[in-house]
Structure formats: structure tokens, C-alpha cells
Amino acid sequence: MNNNQKETKTNPKKGKILPAEKGIREEVLNIFKKALADNIFDALLIPAKVPNTDAYSWILLQDESLFDIADPLPPVMTVQGGRALSSFSKNGELDLKIAALMKPCEIRAAVELFKLHQIDLNLVTLISIDCPGAMPLTDYMNDPKKIGESFKKISEKWEISESLRPACQNCHRFSLMDGTASDLHIGLVGENNKVTLIPNSSIGNDLLEKLGFEPNDSLKEWESKKEKLVKEKTKKRDAFLKEWQEKTKKTDGFFNELNKCINCHNCMNACPICYCQQCYFDSQTINFKPETYIQKTKEKGALRFPLNTMLFHIGRMSHMVLSCVSCGACEDACPVSIPVGRLFSMVGDQTQKEFNYVPGLNREDPLPLQDFKEDEFCEVETPNECEEKVTEEAK
Amino acid sequence: MNNKQIPNIIGFLCNWCSYTGADLAGTSRMKIPPSLKTIRVMCSGRIDPLFVLKSFLKGADGVMMMGCHPGDCHYQKGNYNARRRYVMLNDIFKTLGLEEKRIGLWWVSASEASRFAKVTNEYNEEVKKLGTNPAKEEIFL
Amino acid sequence: MNKNIGVYVCECGPNIPERIDIDKVVKELSSLNEVKTVKKHSLLCSNDGKKFLKEEIEKEELSHVVVAACSPKDHENTFMKVCEEAGMNPYLFQLVNIREQCAWMIPDKEEATSKALKYIKAGIHRVMYHDPLEKKELEIKVDVLVIGGGISGIEASLSLAGPNRKVHLVEKTDSLGGMAGKLSQILPHQGSKIKLVKEKIEQAKNNENINIYTSSEVKEVRGFLGNFEAVIQSNQENEEGKVEEIKAGAVVVATGFDLYDLKENPAYGYGENENIVSALEFEDMINSEKIELKNGKKPKSVALVHCAGRKEKGYCSKVCCLYNLKFAHYLKDNLPDVEVKELYMDLCLPHKQDQSYFDQAKEKGVEFIRMDEIVKTKKSGDKIEVEYKNNDKTDKLSVDMVVIAPAMIPSKDTSELAELMNLPLDKSGFFKELHEMLDPVATPMEGVYITGCALGPRNIPESMTQSHATSGKILSSLIPGRKVKPEVKVSEIKEDLCTGCQTCLSVCFYGAISYDPFKGVSVVNEAICRGCGSCVGSCPSGAIRSKHFTYYQLYQEVMEALR
Amino acid sequence: MAKAVKIKKNVEEGLFDFLKSLLETEKIKGVFTLKKMDDNGAVSYSLITSPDEFKKAVPLYPFMPVNAGKALSSFTLLGKTEEPIAAVLRPCELRAFVELIKRAQGDVENILIISLSCGGVLSLNLMGDKDQESTVSKYWESVKKAEISPDTRETCQFCENFLPINADITVAAVGNKDLDKEFTLFFNTPKGEEFSKEASGSSVSEEIETKEINDFKKKREELKEKFFKETQSEDTGLKSLVNIFAPCLGCHGCSHVCPICYCTLCEFDSKTHNYPTSSLGSDLMVKGGLKVPSGNLLFHLGRMTHMAVSCVSCGMCSDVCPVNIPVATIFSKVGSSLQKEFDYFPGKDIEEPAPQGTYKEDEFTKIGEQ
């Protein structure tokens, strides 16, 4: 694993600012064109528009001609990047150098999957990019042209528009964070028509060097603009969290949101963190005889089908919510428009704070449930003992 | 490695009839197209339609399924299952406008070396006419 | 596991180098990371070659071996044995066919070489996914299951049972003897009543090596020569539904025949007049020595109708002519004044004694009348009028009594049993032998034999001969102490992936898969599975794996071929 | 001819009352049907035993939140129900249930099957919509007139098998102009007839197949041809298929909601078809690029080989697709063709084996001999 965390933390960060006369997209692609041509990478994982369709998809790009369809900032998130990356990078050795250009939430997912041994990050250079958000998938599929156009406008202005995906509207982690997630970050929020390259690891540094860029430019302007946007979005996020915490305070509140659920498990299949080959809630472990179901029905008067819908959501939550990166892929994939992304993000926010854990921030942070401290959460034991313990330790 | 080798044909041969027939064709020094790569399975019933699909989607220009003639299956009836599976694949290909000729089924017995030579050569020519399988270079599969 | 793969390319004398550039092959393979060593040899299947291979495996500490040589049909076993002798699991070996399906098929040396390389690379990648399989040996079971307690089944049982061999004889009805047991005399020229069948039944009952199950049915049979499992269900009153599982090394099917239902064709008038009787009913009359009409009088004239059902069924039942002659003799001998008329389509008298028996009947005054078919049989006063057609001419005769000889048809449960045991039937619905002339008692199921009228109409001597033939086949193959090696490359089902839809059960021709209702999954009986893999291709969940032909192993071959 | 009873009530109310009386007289112990979940329009299938909960039942509400055949299969997977229940299913759901029973995934014993001549259901994304109620009443208007409601799902619009097979009791809905005032219940089986006394109405002699029904069928058949044609232009082959499935996320929602996809773990979700990293080099060398995750078409075509021949055209797959791929139309098209080829009508006869598990020696005899 690469790591020169200290170095990047102690030195004030510097980067390389490139002019983007032909537009940001073009310039970003140019950097990768060069990297491929110079054999710095053998292939690049990047979103692309499928020719003759309105659909977007990830491609592993090697042939230069494919840059024509590549798009670093597509209007929709199709497959979550972390999921895409894991689909080919966990089943064996690889003698190719691969770079992946992904949104920060996708990078975070990739880091979580790395911790779960579903992605081999030794094989891949992670490159993150400032993300203006994306449009809801269904909206886009219903009217690709219109939604595509409006996305263009929104993304140029870094507007927190109501027509963005809810997850994106409430996202305060859309840019580089102070951690060891990506190797290189591409800053876009800074000066107009400029692309800022920020190395975030020794690999990132090497990369810039190989590209012939010296990271001497000050990042001040990018940082200040980023901070401003982060603040704005954090405010929006806090409001969202408050609203939804209110909404779900009543016991039924949470479940009522899930009334429409049809058990398709699309949320789980779109979720990058749900990496299981077979979901526990799809397995035969939870089948019972008809009498058991009738007994249950008699107790409550009625039994909802498909069975175990609530068990599925709560259970899935217990499995993955500590690693939830709030990417909203689940909500995008839901055919009955349940705000499942918002629900999970809200619960995730609370539980992650409990463990002081930010999923995907650092590659080194252990997963909360794979780790423990002996002296934490003593309040869940008998409160008296807890107090004693605390006073003892104080001595 | 020669990627441009055209055509590239995969043959799934049942152990008892077709593979033996192919051996006999070799022993009799019959000329068989080098494009054909044979894969031995115990029975044509073992040929999972997914193998055929996967071969096609991975770029095989042609896929040959071969087994014993009906009634002669070493395992009694395996080839009847194979036949149904082929009919199904063929129908799916036709309905979706895929080139159904890229897959085929032939019965070749252990003694029919000349039939083996005939059908493989004929199929080779047919696949040549079809040209390269578009799946070979299709990125978005 | 660290894989030490050795690749050995055999030249097969001049056979392979003629068309394949072996040195090029060896050179290119040597550059592969996966391979520990690559060598060539002039003739690996020779004693010298085998010694070389064994020493190599030991010296290089190989875990996997690929030999590129001839067809696996030729020397797969040879080399697997060498691997075993060298301490390797023989299934971590792959024989790549670069002779028959490469060198000998492709005249162009460059093309042949390139294809050989692909085949060998596929072999290398395949062998990496091989599992070390365990060979098993089962002691052969020498006992025999005989289905059907008629004369054929009894005879087969008697000749098979012995101190070392039990016979399980299963009879559907409550008594042994079958159709032959109902006859008054066995062979017409033996003149007097003899007790042959009864004696045979007694012998069988007294034989301590024959377990007789009457009022019982075989509900399940699975397995192969030397290794059958069967379920016998009792229908006896006090133990109805009781099942017993038995094991056997071979199965004899001797389910006999039934008789054509004369009511199917109203022309015979059967059932409409009490003095129109079937041959079997007439046998009863003979048995009770009471040949009389319903009104208690002796018949003055009797018509014996042959060939009932022949046209309808499309075959000759072979035995009716003789027993009709037997009836004629009996009538003439016991009722001296009786008028006997035999109506026949064709006479079938194939045996050496038959002709004189026929001549004697004629001498006694029996009248033989040729006909094409019976048109009508009806009551006319006290008499019965039989109307028949001969050469487009219709004729009539008038008699007191009509005896009709119905055709032999497959016994009632034949098709059910055929399905149960996966045995083929012929057009008429009788069991079908492997080959009518060359292998007349064997079936496509190794270890299952058929004898007697289950195969079609035949007379008692023929049935006896077949029963003896069946016994001979079984005695020569089921020798006590012999071992069978069940197939190693069988299917297995991963329980947690199986959904229990039982599609695999319906495509398995050996009954090797059963359903475990408690676990809700299908289970393979490895002793019975033959390893064809049909079930694998049928499983939508991908829960079935055929050992040594797994998805991953075959996929390597596909990928290499397409590279 | 089936026994028929005319009930002088609005069809929804009448069926509700009929079921209620079955439940109250304890002739059945539970009703499996649609139930309102909240005031926002969400409905869901439920097994109901208490008459109080039954008040929320809406048996004929035009939504299919899940294929009820699949739901009943999950209920009876481990054996038949000991206590008798009644289940209200749409014809395609009933066909799905029959297909599942064939595969040992369910048991119909002790279940009274009630179905209807079906006008289709509304697309799931209309559930919870603010105009839901008015859309539903518009829907009923077209059912009365035996017209194809434009708000119903595409799959429903071209469904010609809208009369149930194997139902014990059939509600005649399509083409009844007076559906607000009266409707007919057909008791098709002895099992159904046992309950005919509970239907408070007068015996009539009617046939379910009226002229309206036949005309309706014809209209739908025409649409079917049209939709099948439009799915894919004939001459473009692989490329057009690639384009149709290009937006696919690989969520496999289509297979999760498909009643015929009964596998506990789909083969295509299993490790077997994971992309082998080692193939990357050679794939890139040939193609210059690779879709990630790959295996999109293998999944759809592979799933087709597993289930299309038994496809009951219930349309759940299209309804659930988050990227609007017309999955159901494509699968239905392939399914129809396969079903014709194997002379198989999915869901018709419980005793008839599914085509994958059987064969005839004398079929397709020309194949393989050329």
C-alpha cells in the first residue's frame, strides 16, 4: 500500500493548475490521453456514453479513439464506480497498470471495498474529481435530452439544484477530503476554466512527475471556493438530516416510508457496499412452513407479502450502514421511488458519528465492527459501573 | 497469438461418438479445418447452453455442438436434451435477430469420420461467409 | 497450493514431428510462468517413456502433469497410472490430443503447430483447476432381482439361486405360476396332464436362496451392473404399503403378457353369449373336466377361432395354433361325437413335432377352415352362428360353442415399469431387447435382462431357453468377490445453491438423483451416477458440478481456443 | 358450463363482501389479496385473517406490487397450507403460480383461487402519485368498455391471456358496462362451487367469453404484434441488442421480481460468472476497451435460456427496471416464440412438465442430421 500521508499533511499542499480553454471535460481527458500515450497507464476506468444511445456506462479504456465517448462528468451515476472497479479487480492477478477516475463517493466506496478485500488497490491508481452531482437516473431515462441539457447548466454553475439527485443535493463530501482515499485529485471548483491537479499520495506525486507537471501552484483559490461550497452544502445537509430525523421519529415513521417496497432488492444490488455474493436475506435461512406464517398472521391480523421486507431493510442496514458512503445509488435504482438513499444516509450519519468513523476517508482506518476499544461505550453497560470506571481512570 | 485468425470455431464433442469420430478422421488423415478447436465433454447433454452463449459472446465465430445420433447415446437419452437446448438457443437467436448460424448441432457417430470431415469443412465455409463475429470487438457486452 | 506443472510433449515416433514443430512448441511453452518444466520424449507410452515420466514427476516434485500426445481414448489410463505410481493423484493430469485431432488433421505444419500450442495451453490452464478425485471400489453384489413370477421368472430364479447368491423374486399377484400356471397341459403332444409348472413353483418355494414376494410390486430400481438398489412394495392385505429396500447385482424382467380383450372387437360376440368363451376359460373347463354348455348339456359342435386380435395388434401370437390343436385333440378324445371346426388365418406350426400333431387332429376329423376375418358372431336359436370372410366371400357356420384364442399383448404394467427402469419398448408395447438376433435378452441398461413373453409372444420352451440364457449372462458377470469401480467423474450438488426444483431429476436417466424433502434439495447418489452431466446443463442455479468436467475446467478450454 | 351467479353490486364491493362472508363464516381462514397500506396510495399483497384488517382489503385494485404467484410460492414453499385460504390473483400471476408448483416451489392444495378477466394493471411508478385515484377511476371506465387503458403497463396492453386458466372462481370484469351495479361470478371447479352459496345473487346462464371479450382479445393481439415489432428492428442483430441493454445497471431487479426466476441464488450473481481479472489483458488487446461491469448480455441471454420458455408475460421485470429497458416485451417476444416451438403454454397444466425437463424422441428429427 502506498502512503506518504505525513508528508502531504505537514507540507502545505501544492498542485498543478492547467488552463482549460477548450472546456473542463476536454482538458481532463487530455491529461489522460497523454498518460495513456506515454504508457503511464495501460487502461483507464472512466464513464462513457454508449454510442447511438443515451446510456452511460463504465469502460476500461485503452484505445485512444474511445476518448470520443468518455465523459468524466456524466449526467447520471449508472453503476456505482466502487462496484464497477470491484467487478474486475478482485479475481486474480493483473499485469496492467490501471487508473480509475471516479466521483468522491465512488472513491470512498472503493476504499471501503478495499478494506473488505473486494478491490485490490495495489492494482489501481485512484483519481478523484470534484463532483457537481448527478441527475436522478429515472428522470434522465425518461427524457435524456432535456435532463442532459439542464445538467450541463447546473454543473457549470455548481448549483445546488432541486433537480439533482437528493443524495447529491445533500452531499458535503463532493471534493477531496483530508485523508488517504485517492492518489490524485482533480479540482474543478477553482478558477473558471482551470483544472487543478492535487497529488494526494506518493503515487499521485509520481504521476504528476511522469506527466511532466511540477506541483508548484498554490491551491488557495481552489481551496477557498471548495470550502465555501462545502459550508453551503453542509448547511443543506444538516437541514435534510433534521427533517428526516423528525419524520422518522415515530416508530411507524421509518416503516411507512417503506410501504411501497416490492422486495426487488435493487437497492442492495446497486449498493457498492453490499458486496455479498448471496445476500443473507435472499437465502433459504428465512423460509418457514405455511402454518408459521398463518400463526404470525393471526397474531397481527394481516401479514404483508412479499415476506420479510422490513427485515430485509433493517438487516441490510445493520450490515452496511457504517460504511454507507451516501452515494444514492440505491435510491436511483428503486423502481417505486422510496427515499431509501436518504433513509440510509440519515441513519448512517448517526451511527458513523457514534464510532467517529468516516467511511472511505482513510485506507488505514479499520472498519468499526472489525475493531474495538476496550474502554468505549461503557454507557451501554450498567451506568454505575461506567461511572466508577471513568473515575478510576481519571485517577 | 493470432487474433485475426478467421474463423475461430469451437466444437463441443461428446466423448463416445463425436470425439471418437473426430479421432478417426485424424487417423484416416482427413483434412479438417484448423479453425476448429474441439472440447471434449462426456455427453452432448453436458453442453450447458451457457457455454455456447459464452463462447459466442466471447467472440467465437462459430460454435458446433456434436453428439451421438438419436437413439445411440452412450447415456441413453442425453442427446435428446442437447437437441432441445439447441432448439431453444437457435430460437432465441432467431427471435433477437442474432446470426443463428453461428451455432449449430450435428450428430456424428464414432464411425462417421467422413461425416465429421464433411460437416466441419462445410461449416467452416459457412462461417467464413458470415465473417467475423461482431461480439469479438463489441465493447459494451 | 503451489502448483508445479510439468508438460511433456510426446513425439509418438515420427507421427507428431512430421506435422508439428515440437521444438517450437517446447520453446514457447517454456516461457510460460505457470509451467515448471517442459520436455519432449520420443514415445511416452513405451516402457522407457513411462519410466521417464515417473522419474520426472518424482524429480521435479510435480503436482500437476500435462501430456501432449495422442487421443485420451488411447493412453489416458496409461499415463494416469504412471502419475499414480509416482505418488500423484491421477486426476491432476490432463492428456492433450495433438496427434489425432491436430497433427493428423492439418496438413500445414505451421497451422498444426499453432493449434497444438493452443490445445496444450488450454490443457495447462485446465489442469490448474483439476481436483484430486478419489477412486472407489465397490464389491459387486451377486444377488439378483427377478421381476415376475411366471414360468420365465421362476426358471431364471431356479437357475440363479445358490449358496452364494440370493434371488429376490417379486410377483404382482398372490401366487406364482403366471399364465403357464393356468394351463391344463404344457405341451400338446405330452398328451396327459403333467405338473411341470407346479413342480417348479414348489422347487422355488422350497429353495432357501429364493426370497419370494407375492402381491408385491417393484417401485424403484436404480443403479447398474453389480450395483442395483430397488424398492419393493407389498400390497398384501395385512401389510399394505410396506416397503423393503433390497440390493442386487442384476435385474431380470420377466413380467410376461396379458391377453387381448376380446370385447374390443364386437365381431367376436364375446360377452354376449355364454357359450362363447375365451381360450383361457376353456382351459378352466378342461382343468375341471367339465366341458359343457351353460344349460349343462355337452356341446355337439365347437368352433375354435384362431388369430383373434392379430389384425388389430399387427402380429402373430405364435402359440394359439398349437393350443387350439390341443383343444381339438382334447375334445375329440373326450367327447367322441363332437364336431370340431378350426377357423384360422394362417397356421403357425414351427416345431418338429407340430406337423404330426396337426395331421393326427385331421385324422380325428377336425375340420380346418381358412378365413380372413370374423364378420359376426351371434346367437341363432340354441346355436351360435359364426360369420366369416374368406377371399371376399362370406360364409357361415353354426355351432354349439365357440372358443376364441386371443392375442398376447404386453402385460398391463409394462409401460410403467419401462419408465421406472428406463427400458425401451417396441412398437407393440413389449420390452425391446438390445438386439433381436445378436443380443436377445440384454437391454441398453447394463445388468438388466429380459426373458419370456415380456419381450413378445413366445412359447414355453423359448421362454425357458431365454431364462437360461439370462442366467448364463448373469452368472458369468456377477462372480463373487469381483469389484466394480463406480464412476469417479460424477455430478455433485452444492446444497446451499440448490433450490429444489427437481429439474435435474427429470433429466437423469439413471435415477441417480433423488430429492431430500427435509432439506429441500436434490441429492446425487454417487454410486449410481454415470457422469454424463445432463443434470449440469439443466440446472438454472448452477448448483450442480460434474467432477473433472467442471465449469471452470471447460471454460479454460473455451478461453484458450478464443485467444 | 360453469355455474354462474349474478351479484347486484358494484364489482369491487361485491367481491369484497363475498370474501368477507367467506372469512366471517370461517369457510376459509384467511384471504390473500391486495390491502391498502397507508393513505398515500400504497397497496401491498397481504394474507389477512382478521375481519378488522380485512376492511383495508382492495382485491381488484389495479396494481401488481409483486407477482402474487411468487408471493404464494414463498408462502407454500415448504408445503401445503393446513388451513384453507382464498387468494385473489390476476391470470398471469396464477400462471406463474402454476409454473412454480411444477418446479416444487409451491402448493395449491387448500387454496381457493379467485381470478378475474383482467384489464391490466397500472405501472408501479404511478403508485403514490397524487392523481392516483382519478387514474384508477379512468382505468375502470376503460375496463367497462373493454378498451385498452393507456395508463396500464405496456405488457398489460398487449396481453391476450387475460382470462384465467385454473381459477376456481372467476370474476367477469372486462366488457361489463354495468360493473358499477352488477357483475357475474363464475364457479369453474367443484372446489369453487362449494363456495357458491356464499355469493348472494341469482344463478344465471352465461359464458365468460362474450363478443366484447373476443374483440378485446383481438385488439390486444394487434398491439402485441406492434410492440414486438417495435422492440427491435430486425436487421441490426447484436448491435441493436447491445443498445437496448446499454443502460442496464446490472441490478438484476428483473430476475429478482420474476416469478419464474425461483433460484435461491441466481447463477449470474454467483462467483461462477465473475469476470476473471486475468482475461483483462487479452480482452483489451482485442477490443481496445471493455464495459465494466461486463457480462451484461450474458446475463440477459442466459436468463432467457433459463426462463423464457416459461415466461408468463406478467411484466414485473419491465415495471421494476430503473432504466426503462422494455425487458418484459423482449422476454415475452422470445418466450412466445419458444413456447410455440415447444408447443408449451406456461401455467396451463400443472401436470405438464416444463420443456427443459423433458423431450420427445420424435421431435426436431431433422436437426443434427444435415
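**View 1. The interface of chain A and chain D in the predicted model.** Chain A and chain D bury about 5300 Å² between them. Carbon and sulfur atoms give 61% of that area. The contact joins 67 residues of chain A to 64 residues of chain D.

**View 2. Polar links between chain A and chain D.** The interface holds one salt bridge. Glu83(D) and Lys298(A) meet through their side chains in a salt bridge, 3.0 Å from N to O.

**View 3. The side of chain A that touches chain D.** Eight elements are labelled by what they supply: at least two residues come from each of strand 2 (43–49), strand 3 (56–61), helix 3 (81–89), helix 5 (137–142), helix 11 (266–270), helix 12 (290–300), strand 9 (302–305) and helix 14 (329–333) of chain A. Helix 12 of chain A gives the largest share, seven residues. By residue class, this side of chain A has 33 nonpolar, 23 polar and 11 charged residues.

**View 4. The interface of chain D and chain B.** Here 48 residues of chain D are in contact with 38 residues of chain B. The buried area is about 4100 Å². Carbon and sulfur atoms give 62% of it. Leu238(D), Lys287(D) and Tyr359(D) supply 16% of what chain D buries against chain B, more than any other three residues.

**View 5. Polar links between chain D and chain B.** Four salt bridges are counted between these chains. Among them is the pair Lys77(B) and Glu361(D), whose side chains meet at 3.6 Å, N to O.

**View 6. The side of chain D that touches chain B.** Two or more residues come from each of helix 9 (237–244), helix 11 (280–287), strand 9 (289–292), helix 12 (296–307) and helix 14 (327–341) of chain D. Helix 12 of chain D gives the largest share, eight residues. This side of chain D divides into 20 nonpolar, 15 polar and 13 charged residues.

**View 7. The fold of chain D.** Chain D has 14 helices and nine strands. Its radius of gyration is 22 Å, close to the 21 Å of the globule rule for 370 residues, so chain D is as compact as a globular protein of that length. The C-alpha trace of chain D spans about 75 × 50 × 40 Å along its principal axes. Of the 370 residues of chain D, 63% count as buried. Among contacts in chain D with a separation of 6 or more, 75% join residues 24 or more positions apart.

Technical notes: Residues numbered from 1 in each chain as written. Chains lettered and ligands numbered in written order. Predicted model: local features only at pLDDT ≥ 70, side-chain atom pairs only at ≥ 80, totals over all residues. Heavy atoms only, no water. Contact = heavy atoms within 4.5 Å. Buried area = accessible area lost by both parts, 1.4 Å probe. Polar contact = N/O pair within 3.5 Å; in protein donor to acceptor, adjacent residues only side chain to side chain. Helix = DSSP H or I, 4+ residues; strand = E, 2+ residues; numbered from the N terminus. Nonpolar A, V, L, I, M, F, W, Y, C, P; charged D, E, K, R; others polar. Rg over C-alpha atoms; globule rule 2.2 N^0.38 Å. Buried < 20%, exposed > 50% of the residue type's maximum accessible area, 1.4 Å probe, protein only.
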